[in-house]
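Please look through the sequence and the model below. The briefing after them goes topic by topic.

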Amino acid sequence: MSNDDILVGLDIGTSKICAVIAEIPETGGIDILGVGVAPSNGLRKGVVINIEATLRSVSAAIERAENMAGREVSHVITGISGAHIEGLNSRGVVAVTSKDREIGMIDVERVMDAAKAVVLPMDRELIHVIPQEFIVDDQRGVKDPIDMIGVRLEAEAHLITGSVTAAQNLLKCVNRAGFKVDEIALDVLVASQAVLSRDEMELGTMLIDIGGGTTDVILYKNGAPLYTNVVPVGGAEVTSDLSIMLQTPMDTMEEIKLTSGCCYAPMLEGDDSEIIIPGVGGRPPIAADRLTLCEYIQPRMTEIFSMVRDKVEHEAHFTRWQNLGGGIVLTGGGALLQGAAELAGDIFSVPVRIGLPHGIGGLTPEFQRPDLASAVGLILHRAKKMISEGVDESRGFETSRKKGTRFESLKKWFKNFIE
Ligand SMILES: Nc1ncnc2c1ncn2[C@@H]1O[C@H](COP(=O)(O)OP(=O)(O)OP(=O)(O)O)[C@@H](O)[C@H]1O
Ligand SMILES: [Mg+2]
């Protein structure tokens with residue numbers, strides 16, 4: 001069957017690889033057809049370190065999604081993360097060229113080119129260029145300068161760069177698994193498109209995606225990203241701490257963390273439920289209570305949130321947390337740890353909520369999970385890009401646009417839902 005009407009998000013995470021197949025029906029919107037998840041073994045802190053192991057997990061995840069969707073996948077949109085990711089803010093300035101001084105698309109393209117003309121080391125590449133605001137003759141805060149009259153056009157943009165080799169290794173895994181990559185996009189950027197509302201982005205919100213190997217951060221202000229960072233610590237450190245402190249293998253401790261873990265001691269007042277931790281090497285099992293586990297989990301989670309806070313304060317010079325009108329949103333698998341929102345609330349002193357992916361049809365409750373935010377976000381990101389660029393240059397969607405209906409209905413749907 002043709003692949004023209006489907007989009008496939010492939011989130012290659014440190015803990016799990018997740019493929020989501022979505023359809024763009026002619027009636028409008030985006031519908032999830034299939035989700036496939038496979039354990040991930042070939043990554044360390046968000047970066048591929050074993051091609052063979054990663055490509056096996058990629059194949060397994062896509063095959064599961066294909067079986068559920070009843071469709072075959074040939075192209076995917078892949079997410080990227082890792083401590084090599086860096087966000088920076090940049091500015092470009094151009095003179096408006098037309099005789100009547102009316103700003104056209106060409107001026108916007110030129111000013112964005114100027115904003116992204118930063119000198120990058122040979123081993124880094126630009127992954128995203130996101131306009132924050134335009135300035136027309138000193139008039140700040142312009143979101144869309146097209147058709148405005150002006151002499152001088154400035155653009156402020158958020159640039160996201162990453163390691164060339166990390167992206168190449170990611171590409172290699174997916175290609176060797178037999179799939180073509182339409183685009184590589186930053187995990188936390190696309191996750192923000194799946195879990196944050198427009199209002200939250202406008203008011204100012206920080207999204208923290210707590211994964212297995214990394215904690216990814218994106219801070220929005222006035223509708224655009226202001227700061228992006230990837231901290232190389234995640235839920236796996238929590239499990240590792242438990243495993244060391246209780247001298248129990250990681251797998252066993254991971255299970256116990258998922259069912260009984262909590263990172264906020266005040267929530268456990270009066271909870272005297274007992275956890276049996278199996279003995280290793282002939283040792284008898286030991287009984288522990290949830291508060292004991294919490295005493296090991298809470299310091300690590302506190303450290304993760306504090307690292308995020310320190311980085312944002314030092315690198316983005318952002319200290320007025322009370323100005324974050326939309327507060328903090330937690331997503332990724334680590335957001336499922338009991339007490340995560342409460343602990344973050346104490347550390348940042350702002351309201352915190354858990355962000356689940358939304359905005360797509362067919363996301364049944366079993367798939368409305370924070371650890372699927374990036375995979376779903378990849379689909380939303382690509383669909384949005386196809387609309388803003390008018391066409392998918394690389395393949396089938398052009399055919400759809402020529403047909404008209406599917407493209408137009410998707411455009412209308414995005415206007416209602418996302419904008
Ligand atoms: N119910 C739960 N309670 C506590 N922790 C959980 C729960 N479910 C998942 N996690 C933790 O979330 C982490 C995995 O999250 P996620 O699937 O978002 O990571 P990933 O995308 O594979 O990794 P990364 O983004 O770091 O590359 C693991 O550390 C896991 O222990
Ligand atoms: Mg992830």
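**Surroundings of Glu 156**

Leaving out residues up to four places away in sequence, Glu 156 touches Ser 90, Arg 91, Ile 130, Pro 131, Gln 132, Glu 133, Ile 135 and Arg 140; contact means heavy atoms within 4.5 Å. This is a predicted model, in which local features need pLDDT of at least 70, side-chain atom pairs count only at pLDDT 80 or more, and totals for chains, interfaces and linings use all residues. Residues are numbered from 1 along each chain as its sequence is written, chains are lettered from A and ligands numbered from 1 in the order in which they are written, and side-chain values use heavy atoms, with hydrogens and water left out.

- Glu 156 has its place in strand S10 (residues 152-163); helices (H or I, at least four residues) and strands (E, at least two) are DSSP runs, numbered from the N terminus.
- With a relative accessible area of 17%, Glu 156 is buried (buried means under 20% relative accessible area, exposed over 50%, partly exposed in between, with a 1.4 Å probe and protein chains only).
- The Glu 156 side chain makes polar contacts with the side chain of Arg 91 at 2.5 Å and with that of Arg 140 at 3.2 Å.
- A polar contact is a pair of N or O atoms within 3.5 Å; within protein, one must be able to donate a hydrogen and the other to accept it, and residues adjacent in sequence count only if both atoms are side-chain atoms.

**The five-stranded sheet**

- An open sheet is formed by five strands in the order S3-S2-S1-S6-S11, with mixed pairing; two strands pair if DSSP finds at least two bridges between them.
- Strand S3 (31-39) and strand S11 (180-186) are the edge strands, each pairing on one side only.
- From one strand to the next, the twist averages 20°; axes are lines fitted to C-alpha atoms, for helices over the stretch in contact, and angles run from 0 to 180 degrees between N-to-C directions.
- Strand S1 (residues 6-12) and strand S6 (residues 75-80) run parallel and are joined by two bridges, and Gly 9 stands opposite Ile 77 in S6.
- Helix H1 (residues 51-69) packs on the sheet and touches S1, strand S2 (16-23), S3 and S6, its direction making about 145° with that of S3.
- Helix H3 (residues 164-176) also packs on the sheet, where it touches S1, S6 and S11; its direction makes about 145° with that of S6.

**Positive phi in two loops**

- Asp 137, although not a glycine, has a positive phi of about 45°.
- Asp 137 is in the loop between strand S8 (124-136) and strand S9 (139-142), and is partly exposed at 35% relative accessible area.
- Asn 222, another residue other than glycine, has a positive phi near 50°.
- The loop between strand S13 (215-221) and strand S14 (224-231) holds Asn 222, which counts as partly exposed at 48% relative accessibility.

**Two packed helices**

- Helix H6 (residues 235-245) packs against helix H8 (residues 290-315) at an angle of about 140°, with the axes 9 Å apart.
- The contact includes Val 238 and Leu 242 of H6, and Tyr 296 and Ile 297 of H8.

**Strands S15 and S16**

- In strand S15 (residues 274-277), Ile 275 and Ile 277 make up the covered face, while Glu 274 and Ile 276 make up the uncovered one.
- S15 and strand S16 (residues 286-289) run antiparallel, joined by four bridges.
- Ile 276 stands opposite Ala 287 in S16.
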